[in-house]
Amino acid sequence: MLNLIRKDYIALKSSLWTIIFYFVVFSVAFIPTVEMSMYFVGIYTAFGSIMLATMIDIKNHNHKFLVTLPISRRNIVQAKYLSAVLYTLFGVFASSGAHWLLNVLFPELNKPDLSVLDILISIGMVLVLISIYMPLFYALSKKGAGIINTVFMFVLIILAQPVASLMSMAGENGMGRASVYVVVSVCILLLFIASYFVTVRLFARKDL
């Protein structure tokens, strides 16, 4: 399992500058104009990294090679989901660190103070995206990966401001109760787990 995750890192190593580029572009796009930019910089950077990793798999024909090794397809999918979680943590914590630094250096930007809940919300939103994206990626793979990535990025861009407004309204309407967040967190985890099993089944039946 660890070697499969290392494989992802090695494959992505030459493209690390692209992830930094994503982070810079999203920071410039959202921080000056969106009050809740902490969420969007982290989410877009994390999900952009995940899409980049899957496209590298397609480009290098990694799946065709991996299935010839003495490892199960279930382990291949497990490693990809774990790698996606690592990309999520990187994007969210990079965004949190950048916004904390901006609050210290440029308080005139009036960015909201960060909290643990902000970080957890960002992670939860990326996990939802992963739960939808991974089954589609493994189902369509090379034939539809480019289309899936384009559609997902387009939808994320279109929905950025409406989602920010919805989250703000939820907070104003008292949706910040701990019980609500607990229920939502459990639902996200169940969705993530269900997505994993669906993806395993799709990949197991796929003819490579």
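Helix α2 covers residues 16-30, and at 1.5 Å a residue its 15 residues should span 21 Å; the end C-alpha atoms lie 21 Å apart, which agrees with that expectation. The model described here is predicted. It holds 7 helices and 0 strands, and 42% of the 208 residues of the protein count as buried.

**Helix α2**
- The buried residues of α2 include three phenylalanines, Phe23, Phe26 and Phe30.
- Thr18, Ile19 and Ser27 in α2 are buried as well.

**Overall architecture**
- From the N terminus on, the elements follow the order α-α-α-α-α-α-α.
- Among contacts between residues at least 6 apart in sequence, 82% join residues that are at least 24 apart.

**Helix α3: length and burial**
- Of the 23 residues of α3, 21 are buried, so the helix is largely enclosed by the rest of the structure.

**Packing of α3 against α5**
- Two packed helices are described by the angle between their axes and the distance between the axes.
- The axes of α3 and helix α5 (residues 73-105) come within 8 Å and cross at roughly 145°.
- This crossing of α3 and α5 is right-handed.
- On the α3 side, the contact involves Ser37, Met38, Val41, Gly42, Thr45, Ala46, Ser49, Ile50, Ala53 and Asp57.
- These residues meet Lys80, Ala84, Tyr87, Thr88, Phe90, Gly91, Val92, Ser95, Ser96 and His99 in α5.
- By residue class, the contact of α3 with α5 divides into 9 nonpolar, 9 polar and 2 charged residues.

**Aromatic pairs**
- In the pair of phenylalanine 40 and tyrosine 44, the ring centres are 6.4 Å apart and the planes stand at 75°, so the arrangement is edge-to-face.
- Phenylalanine 40 and tyrosine 44 both belong to helix α3, where they are 4 residues apart, about one turn of the helix.
- An α-helix has 3.6 residues a turn, so residues three or four places apart point the same way.
- Both phenylalanine 40 and tyrosine 44 are buried.
- One aromatic cluster is formed by Phe47, Tyr133, Phe137, Tyr138, Phe152 and Phe203.

Note on methods: Residues are numbered from 1 along each chain as its sequence is written. This is a predicted model: local features need pLDDT of at least 70, side-chain atom pairs count only at pLDDT 80 or more; totals for chains, interfaces and linings use all residues. Side-chain values use heavy atoms; hydrogens and water are left out. Buried means under 20% relative accessible area, exposed over 50%, partly exposed in between (1.4 Å probe, protein chains only). Helices (H or I, at least four residues) and strands (E, at least two) are DSSP runs, numbered from the N terminus. Axes are lines fitted to C-alpha atoms, for helices over the stretch in contact, and angles run from 0 to 180 degrees between N-to-C directions. A crossing is left-handed if the near helix is turned anticlockwise from the far one by less than a right angle, and right-handed if clockwise. Contact means heavy atoms within 4.5 Å. Ala, Val, Leu, Ile, Met, Phe, Trp, Tyr, Cys and Pro count as nonpolar, Asp, Glu, Lys and Arg as charged, and the others, Gly among them, as polar. Rings of Phe, Tyr and Trp (its six-membered ring) pair if their centres lie within 6.5 Å; planes under 30 degrees apart count as stacked, over 60 as edge-to-face and the rest as tilted. The expected span of a helix is 1.5 Å times one less than its number of residues.
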